[in-house]
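This briefing goes through one structure by topic. Look at the sequence and the model first, then read the points below.

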Number of protein chains: 2
Amino acid sequence: MHIDIPAGSDFTLANLPFGIFSTAGTSPRAGIAIGESILDLAALASTGCFDFDASVLSRPVLNDFIALGKPVTNGARAQVRSWVQEGPSPIRPEHLVPMQEARLHLPIRIGDYTDFYSSIEHATNVGRMFRDPDNALLPNWRHLPVGYHGRASSIVVSGEPIRRPCGQLLPQDVQTPVFQPTERLDFELEMAFVIGRDSKLGTPVPVAEAEDYIFGLALFNDWSARDIQKWEYVPLGPFLGKSFASSMAPWIVPLEALQPFRLPGPVQQPRPLEYLRDPDSYRSPANYDVALTAAINDRIVSRSNTRHLYWSMPQQIAHHTSNGCNLRVGDLMASGTISGPDAGSYGSLLELTQNGTTGKFLQDGDTVTLSAHAGEGAARVGFGQVSGRIEPAQ
Amino acid sequence: MHIDIPAGSDFTLANLPFGIFSTAGTSPRAGIAIGESILDLAALASTGCFDFDASVLSRPVLNDFIALGKPVTNGARAQVRSWVQEGPSPIRPEHLVPMQEARLHLPIRIGDYTDFYSSIEHATNVGRMFRDPDNALLPNWRHLPVGYHGRASSIVVSGEPIRRPCGQLLPQDVQTPVFQPTERLDFELEMAFVIGRDSKLGTPVPVAEAEDYIFGLALFNDWSARDIQKWEYVPLGPFLGKSFASSMAPWIVPLEALQPFRLPGPVQQPRPLEYLRDPDSYRSPANYDVALTAAINDRIVSRSNTRHLYWSMPQQIAHHTSNGCNLRVGDLMASGTISGPDAGSYGSLLELTQNGTTGKFLQDGDTVTLSAHAGEGAARVGFGQVSGRIEPAQ
């Protein structure tokens, strides 16, 4: 059955990302974005066209579907693609929901959320501003993908409003802290990935097998309150400066859809320890060429690319599990801010405004929208958008 | 119906903690510890004696039961107490399972796990060793309860073996890091609490209302690899030095059972900002007098007490939600290492051995057992134990 896919659409037949949607009076369920429609997988499954237990498609999160494994999830995509391209097809017009009539939900029940710090440009820019311009990178940075545990409960889907947080902070030239709304509210342009397979507690995941554990990727905005963060973060790391909210895009692009855009990562010097090393290369394994933009109120403020990441997803997983820490389906890991080498590619206002000296942090009413895509035309694999509007502090 | 409670038992009728247990061939379900027995709540509920939806008692975690709220959970305890003390009682001998025949499970599905750093003695001891002996406490420490997000997936129940983790670390007097088993494996004597009520994203929980959100407390050991932690933790905080495992006791002692042991916290100087302040006092609100011991291979190495905590649970909750971060039933928060003022009360080997100079870190085969109780005799409210044995690295 033919489905119209407008020119420039993120959601071509090369993509077929998964999400959770509902329409007025119906329950959240699984869908695939195609052009300007959502293919209602729960409704489609009721025709008996899938050869797996399709009850998972009627649940309000994708976890149980994802847990069936890549042969099933990618198999479903291959079937849908063939049903759209060539008859006979079980897809009926009533299985297609106009995207504008749907409400999109957080697509997974997130277990643990980890945020990395894997852009060398971002880490260098931050180190220059806050530490030593001549020794911007800390001694451990080139040896391991630095990361921290983040808060899962406050991750919301794109479109949810973001309330300006209050918090304890130390104003400049003052001796005692105050509690007030943040004055340095920022976005962070990130790409997240969803864990698709459990690993065993006590058993590390080798770097060469790590991609088996990645279900797919989604755009991610790790909102940050820089003044709260600055006062709290020594010695245990970011906490309330981040945990008020993070925004996740509604569509998870399966890793398989990104394979045409795979490319070698940067040369890593010094060469990482063996557990982080691609056995065949001095380069970081498995980067992806995905163009990123960040816009404030529809004005693009940054153009970056996931190819700039120094540490790759397989390295992040290998490091995260190197101590035996286990992964669970639905865990979320994010890249950290993805900055490129030039000023137009910085992924946060902290960097774009040089810590507020050449421009403003986010104002009430501002809407931040992140977008991403790889390829063009019928081969385009887009991530849609993740957006959020700043509401005044309570 | 009479139930035998041996002298010195942790599990008196004043206590009645909740857990999840199973016996050979049966499914995990809810129980209450009484003396040396477990009252099988799922079986008891099948007599129709409870006036709430008792199906929640047959589930493998307590989350849905806890979510019914304190009137229900404390009401169930009051009913059980009266059924044991005075007839008529629906409790039959077959509802009592000898504890030694039961397997105890992780009692909750943990959402987010947060670890605080709320003992001033611990923070001071650590600061003296690793930073400046004359300025051991960092500038923010007396102004806010410092905390960080921890890893939930690797929290295991007491009794699960703890494999010595490998990790990246920088040996002394060496320029490049190595990957090897930790040589500085430590325990941390902590008390955790379980969130019993959801809060709304964007809406802080006032300090005066925070105890409404605490279901109960459980002993907690936040195993730590000090050498991995030291190399990784700047600037984003502890990560793989902690996330290989934490151990939780199987019994959750409801906050209500601890009310007889409530006492004022320490005087806090400087007085905290208003959102962290007990409106009626300069003291930290709502500490508890719970004696703690840590033993290695049955030799007690530390005697501490939760009364030593500088920051209280209500202050931790008020701070955690002050930026709008939401709480969910089943979230876990832990105190951080609870050290007392003298050397015999330090809650970690890091402090007890002065970073390995006066004694050893944990060796393969060592078993660490933490215990806790308040009161004595028929009024005793004990936490049981949380223990773990160190297995060699893989």
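Where in chain A is A:Arg151 found? A:Arg151 lies in the loop between β7 and β8 (155-157) of chain A. The model is a predicted one.

**A:Arg151**
- A:Arg151 has a relative accessible area of 3%, and it counts as buried because that value is under 20%.
- A salt bridge links A:Arg151 to B:Asp112, and their closest N and O atoms are 3.3 Å apart.
- The side chains of A:Arg151 and B:Asp331 are joined by a polar contact of 2.7 Å.
- Apart from neighbours within four places in sequence, A:Arg151 is in contact with residues including A:Tyr113 and A:Ser243 of chain A.
- On the chain B side, the contacts of A:Arg151 include B:Thr114, B:His149, B:His320, B:Cys325 and B:Leu327.

**The interface of chain B and chain A**
- Chain B gives 57 residues to the contact, and chain A gives 57 residues.
- The two chains bury about 5300 Å² between them, and 61% of this is on carbon and sulfur atoms.
- Four salt bridges are found across the interface.
- There are also 24 residue pairs in polar contact across the interface.
- On the side of chain B that touches chain A, the elements giving two or more residues are β6 (113-116), β7 (147-150), β10 (166-169), β11 (178-181), α5 (226-232) and α6 (313-320) of chain B.
- β7(B) gives the most to that side, with four residues.
- The residues on that side of chain B are 30 nonpolar, 20 polar and seven charged.

**Helix α6 of chain A**
- Helix α6 (residues 313-320) of chain A is mostly covered, with eight of its eight residues buried.
- Among these buried residues are A:Met313, A:Pro314, A:Ile317 and A:His320.
- The buried residues of α6(A) pack against strands of chain A, including β6 (113-116), β7 (147-150), β13 (189-195) and β14 (214-221).
- β19 (287-288) and β22 (332-334) of chain A are also packed against by these residues.

Definitions and conventions. Residues numbered from 1 in each chain as written. Chains lettered and ligands numbered in written order. Predicted model: local features only at pLDDT ≥ 70, side-chain atom pairs only at ≥ 80, totals over all residues. Heavy atoms only, no water. Buried < 20%, exposed > 50% of the residue type's maximum accessible area, 1.4 Å probe, protein only. Contact = heavy atoms within 4.5 Å. Buried area = accessible area lost by both parts, 1.4 Å probe. Salt bridge = Lys/Arg side-chain N within 4 Å of Asp/Glu carboxyl O. Polar contact = N/O pair within 3.5 Å; in protein donor to acceptor, adjacent residues only side chain to side chain. Nonpolar A, V, L, I, M, F, W, Y, C, P; charged D, E, K, R; others polar.
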